[in-house]
Each structure stands twice: as C-alpha cells, then as structure tokens.
Amino acid sequence: MSSKPGTKPPATYECDVALVGGGILSATFGMMLHHLQPDWTIHGYERLPKVAKESSNPWNNAGTGHSGLCELNYTPLRDGVIDTSKAVKTNEDFQVSRQLWSYFVENGVLGHPDTFINKSAHMSLVHGRDDIEFLRKRQETLRTLPTFSSMEFSEDRDQIAEWAPLLVEGRDLNDEIAVTWDPEGTDVNFGSLTRQFFNYLSYHGVKVETSREVTDMTQNPDGSWTLDIHDTGRRGERGPDKRIRAKFVFVGAGGWALKLMQRAGLPEVDGYGLFPVSGKWLYTTDPTIVPRHTVKVYAKPPVGAPPMSNPHMDARLINGARSVLFGPYAGMNPKFLKNGSVLDLPMSIRPHNIKPMLDVAVDNLDLVKMLAGMVLETKPMQENDLRDFYPLADIADWRILHAGQRAQIIKPDKTDRGKLEFGTEIITSRDGSVAGVLGASPGASTAVPIMLELLKTCFPSKADEWRPKLQEVIPTLGKTLTDDPDLAFETLTRTAKVLDLEPPTHANEKA
Ligand SMILES: Cc1cc2nc3c(=O)[nH]c(=O)nc-3n(C[C@H](O)[C@H](O)[C@H](O)COP(=O)(O)OP(=O)(O)OC[C@H]3O[C@@H](n4cnc5c(N)ncnc54)[C@H](O)[C@@H]3O)c2cc1C
C-alpha cells in the first residue's frame with residue numbers, strides 16, 4: 001500500500017463495514033447488516049460500472065433456485081440407498097433464502113416478486129433402465145420428506161408431454177426415458193435481486209460506488225483495515241484515488257476474492273488455489289420453442305465429469321422476456337472473473353499453493369481433457385447434446401452466449417494433498433475482522449444461510465441482540481423443516497403466497 005513519491009497521499013474515509021464487490025453475496029450481506037444494525041456506516045465498492053455484472057448477472061448463471069429438486073448429483077446411490085443429505089440441506093437453505101426475500105417483499109424493499117423469482121417446475125431426465133430405476137427410487141425416497149412432497153415420477157410419454165412437450169416429440173420409442181417433475185421449482189433473477197438490494201441500500205445512506213476497485217488491504221494496529229480504492233475509469237499509473245478505513249471487511253469479490261485475501265496476507269488462505277472453468281450456453285428466443293418449454297430439466301453429467309457440467313435445459317424469464325438456455329458447455333480459460341485477466345491464474349500461484357495445484361492437475365487429467373474437448377465441440381456435436389433433451393432441435397434456432405466464470409476451490413485435504421472442491425466456502429480471519437466467500441455453486445441460491453453463518457462467526461458478541469430481528473425475518477431460524485412437517489408446510493405455503501410460487505402438497509394429499 002503506497003502512494004507515488006512526491007504526490008499527496010489520498011484522502012482516507014472511515015466506515016464500520018466495507019463491502020468489496022457488487023454481486024448477490026455483498027448485496028445480501030449489506031441488506032442483512034443494514035437491517036440488524038442501521039447505525040453502522042457501510043461502504044460498497046464494485047470495480048465494474050454497474051453492480052451484478054459478473055456471476056450474479058442473470059445471463060451469466062442458470063437462474064436455478066437450487067433446492068435439490070432436480071440436481072441428480074445431490075442424491076447419489078450408496079449401497080442401494082439414496083443419500084438425500086445434500087438435497088435436503090440445499091432445500092433447507094433455499095427455504096431460508098425464500099423467507100428473507102418474502103420479508104423484504106412484504107416490507108416494500110423488493111418490488112413485485114416476479115421481478116426476481118418465478119415458477120418454473122424442476123425436472124430430472126434419465127435414459128435407460130438402470131437410471132430409470134434410480135430416478136424412481138430417488139422420487140420415492142424424497143417424496144416422503146416434507147419439502148419434497150410435490151415431486152412426481154413418470155415414464156408415461158403422454159404425461160411427460162404435458163409437463164415438457166419438447167422432451168417427447170420426435171423421440172425414438174426405443175429411447176426409454178423417465179422424468180421427475182416438481183412444480184415448486186423456481187427461476188431466480190439474482191441480478192435483479194442484487195440491483196434492488198443495492199438501490200435500497202444507496203437510498204438509505206449506504207455509500208455504493210461503482211467503477212471503484214479495491215486493489216489492496218492492510219491491517220492497522222487497532223485491527224481495522226485500510227483499503228486502497230482505485231477509480232477504474234481513470235487510466236495511467238498512479239496511486240490509489242482514496243483510502244477507506246473499515247472495522248470489518250466483507251470480500252464478496254467472486255473469483256477475485258482469493259486474490260484480495262492473498263494480498264491482505266491472510267494466513268487462512270494459505271494452500272488455497274482456484275481452478276477456473278468458463279462456460280457457454282445455447283440460447284433461444286424462438287417463439288415456436290420458448291412458450292412450449294416452461295420448466296428446468298436437469299440430466300446426469302457424463303461419466304467422470306464434474307457436477308457443474310450437468311447438462312440442463314432451462315426456461316428463463318429475465319426482465320419480463322422469456323427464453324430457453326441449454327448447457328453449460330464448460331471450457332478452459334485462466335480468468336477468475338468473466339471480466340478478469342488472463343494473468344489471474346498465473347498470478348495466484350504462491351509457494352504455499354503450488355503443491356495443491358499440481359496435485360489437482362495430476363489427479364484431474366480426465367477433467368482437464370474433458371474441458372479441452374468441450375472447447376473444441378462443433379455445432380453438430382452441440383446439436384447432438386441438445387437432442388438428448390429436445391430430439392427435434394435444430395441448432396440454427398440457437399445462439400451461443402458466454403456464461404459466467406466459475407472459480408472452483410483447490411485446497412489441501414487432511415492428508416495434505418490438493419483437492420478440487422465444488423461448493424462454496426466462507427473464509428474468516430482469526431480475529432473475525434475479514435470474511436470472504438470462495439467457490440461457485442450453489443452460492444446464489446443459498447446466499448442467505450451463507451450470510452447467517454458469517455454473522456454468527458464474525459459478530460459473536462451481537463448474537464443475542466440480533467436474534468429477535470433475525471427471527472422476525474426468518475421465522476424458522478435454528479429449526480429444520482425436514483424434522484417438522486407442519487412447520488415445513490406452513491412455511492412453504494406462506495412464502496409461496498408472498499412470492500407468488502407454487503404451494504406445497506400437504507402430506508395428507510399424497511397419493
Ligand atoms: C455458469 C454458472 C451458472 C450458475 N448457475 C447458478 C444457478 O443456476 N443457481 C445458483 O444459485 N447459482 C448459480 N451459479 C453460482 C452463482 O452465480 C454465484 O454463486 C453467485 O452469483 C456469486 O455471487 P458473488 O456475489 O459471490 O459474485 P459475483 O456476482 O461474481 O460478484 C463479485 C463482484 O465483485 C467485483 N469485484 C471483484 N474484485 C473486486 C475488487 N477488487 N474491487 C471491487 N470489486 C470487485 C466483480 O466485478 C463482481 O461484480 C452459477 C455460476 C456460473 C458461473
């Protein structure tokens with residue numbers, strides 16, 4: 001952290017909390033904190049000219065309200081038994097997010113729910129007898145749980161055609177398929193949520209500045225942090241445009257969070273690296289396709305492929321316009337953000353993370369080959385993939401869109417060997433003055449429980465004071481819906497009503 005010799009040092013401003021990054025995580029954290037502690041000063045900085053332009057932008061993610069309804073990799077078969085733990089946890093987390101969004105709709109913070117969340121049934125599609133039996137078992141197991149009570153299974157083509165006609169039309173009768181369908185599924189515009197939260201915060205005294213990059217952060221003797229802020233609209237080599245002194249820093253910088261935490265010298269990120277994966281969608285607004293596909297359909301990833309390459313065909317409703325996305329086609333690109341730098345990967349290498357990164361490279365050669373293969377996929381190959389879902393698809397009706405960049409976590413496991421992780425992880429400094437979030441999915445859908453965890457870890461002395469307010473926002477705080485079917489039914493019904501979503505099926509109505 002230095003100013004150019006002979007130049008006046010930049011002005012330093014004080015705040016209680018600094019938010020680095022203008023994505024859904026900073027927006028959610030900022031909203032929660034502002035609500036709990038309105039007297040704290042909060043400043044937010046986003047390097048791009050607008051908030052929600054990276055992964056949280058609706059075109060950069062699939063907008064799936066991840067709730068375990070359709071993601072087949074969340075329910076592996078272990079010794080003949082479906083392990084539902086990940087699906088259940090994801091659903092519990094999503095219900096927490098739904099409660100917070102409902103509260104802010106009821107209190108006029110968020111606009112009409114259709115500006116950010118809409119009904120879109122979640123379906124899983126499988127081919128072949130073995131996978132059909134797996135899917136049947138999955139539905140039978142999940143449907144006994146209160147948050148999965150609406151899920152239906154079918155092999156019947158007429159029934160499937162009612163739910164998703166494009167899946168059936170033109171399909172070879174020898175191609176045995178089955179699906180599950182859950183009308184409680186959602187399509188979420190995380191970009192709209194982010195913008196609405198930041199607009200509210202700006203209007204209520206939070207300083208939110210765009211085109212401002214946090215380039216360095218240094219801890220002061222009193223435990224606070226000084227952040228160097230650069231105006232990205234100004235060019236030329238120079239020192240920071242201003243400095244911020246904050247008691248607490250949230251690094252919601254997406255793929256660049258690691259970079260900033262490394263610069264801050266946090267020992268908690270020693271050994272951590274990132275594995276960037278780029279993505280592309282096929283996209284259509286064709287009026288003969290879009291009105292006939294109003295669901296999100298997920299299939300199994302190819303054998304040996306990572307979970308984020310689960311192919312899916314998604315109905316989207318973005319800013320009032322309907323479209324369909326198919327993909328993702330993963331690929332290789334060294335950037336950690338879509339608007340990042342090709343130097344992101346090489347510049348992230350440190351003596352402490354070389355070994356874990358090399359371990360991952362050696363252990364995941366198949367993955368690297370698969371990603372390289374996807375980069376080289378030709379249009380006829382893409383059409384072939386699409387026809388697994390939509391047999392009559394014509395690639396000429398679809399365009400390519402570049403998706404957001406995923407930066408998957410690499411870290412040493414218990415044996416000190418580098419491992420690739422596919423989830424989201426909160427990193428907190430030992431003194432609780434900095435926290436950041438690394439990783440990708442299911443980050444956006446579970447932003448609220450992630451932030452609850454962060455509040456608990458970083459502000460333990462505030463727990464008693466904040467509990468009643470948090471309970472008002474999230475009435476089921478501390479409870480598990482899966483253990484309480486009546487509470488699950490009541491909560492899902494209430495949030496479905498406020499958010500204009502499909503209500504759950506009551507246990508008594510089950511066949
Ligand atoms: C292809 C793809 C599909 C996905 N699909 C889904 C899905 O269907 N459902 C779901 O729930 N999740 C999905 N995700 C994950 C989800 O998009 C992310 O978890 C979420 O958007 C992350 O939000 P964020 O706020 O952490 O990061 P971002 O939205 O990336 O925001 C980080 C912000 O920080 C800014 N920034 C970075 N460094 C600095 C700095 N030094 N100073 C100032 N600003 C900085 C960046 O410009 C950016 O705006 C998907 C992700 C991808 C890539």
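1. Let's start with handedness: in this predicted model, helix H2 crosses helix H14 in the left-handed sense. The helices in question are H2, covering residues 85-106, and H14, covering residues 485-499.

2. On the geometry of that pair, the axes of H2 and H14 lie 9 Å apart and the packing angle is about 45°.

3. Which residues of H2 meet H14? On the H2 side you will find Gln 95, Arg 98, Gln 99, Trp 101, Ser 102, Val 105 and Glu 106. Their partners in H14 are Thr 491, Leu 492, Arg 494, Thr 495, Ala 496, Val 498 and Leu 499. Sorted by class, this contact holds six nonpolar, five polar and three charged residues.

4. The other pair worth a look is H1 (residues 24-36) with H13 (residues 463-473), whose axes come within 10 Å and cross at roughly 125°. That angle makes H1 oblique to H13. Here the crossing is right-handed.

5. What does H1 bring to its contact with H13? Met 32, Leu 33, His 35 and Leu 36 of H1 meet Trp 466, Lys 469, Leu 470 and Val 473 of H13. The class count for H1 with H13 is six nonpolar residues, one polar and one charged.

Note on methods
Residues are numbered from 1 along each chain as its sequence is written. This is a predicted model: local features need pLDDT of at least 70, side-chain atom pairs count only at pLDDT 80 or more; totals for chains, interfaces and linings use all residues. Side-chain values use heavy atoms; hydrogens and water are left out. Axes are lines fitted to C-alpha atoms, for helices over the stretch in contact, and angles run from 0 to 180 degrees between N-to-C directions. Helices (H or I, at least four residues) and strands (E, at least two) are DSSP runs, numbered from the N terminus. Angles under 35 degrees count as roughly parallel, over 145 as roughly antiparallel, 65 to 115 as roughly perpendicular and the rest as oblique. A crossing is left-handed if the near helix is turned anticlockwise from the far one by less than a right angle, and right-handed if clockwise. Contact means heavy atoms within 4.5 Å. Ala, Val, Leu, Ile, Met, Phe, Trp, Tyr, Cys and Pro count as nonpolar, Asp, Glu, Lys and Arg as charged, and the others, Gly among them, as polar.
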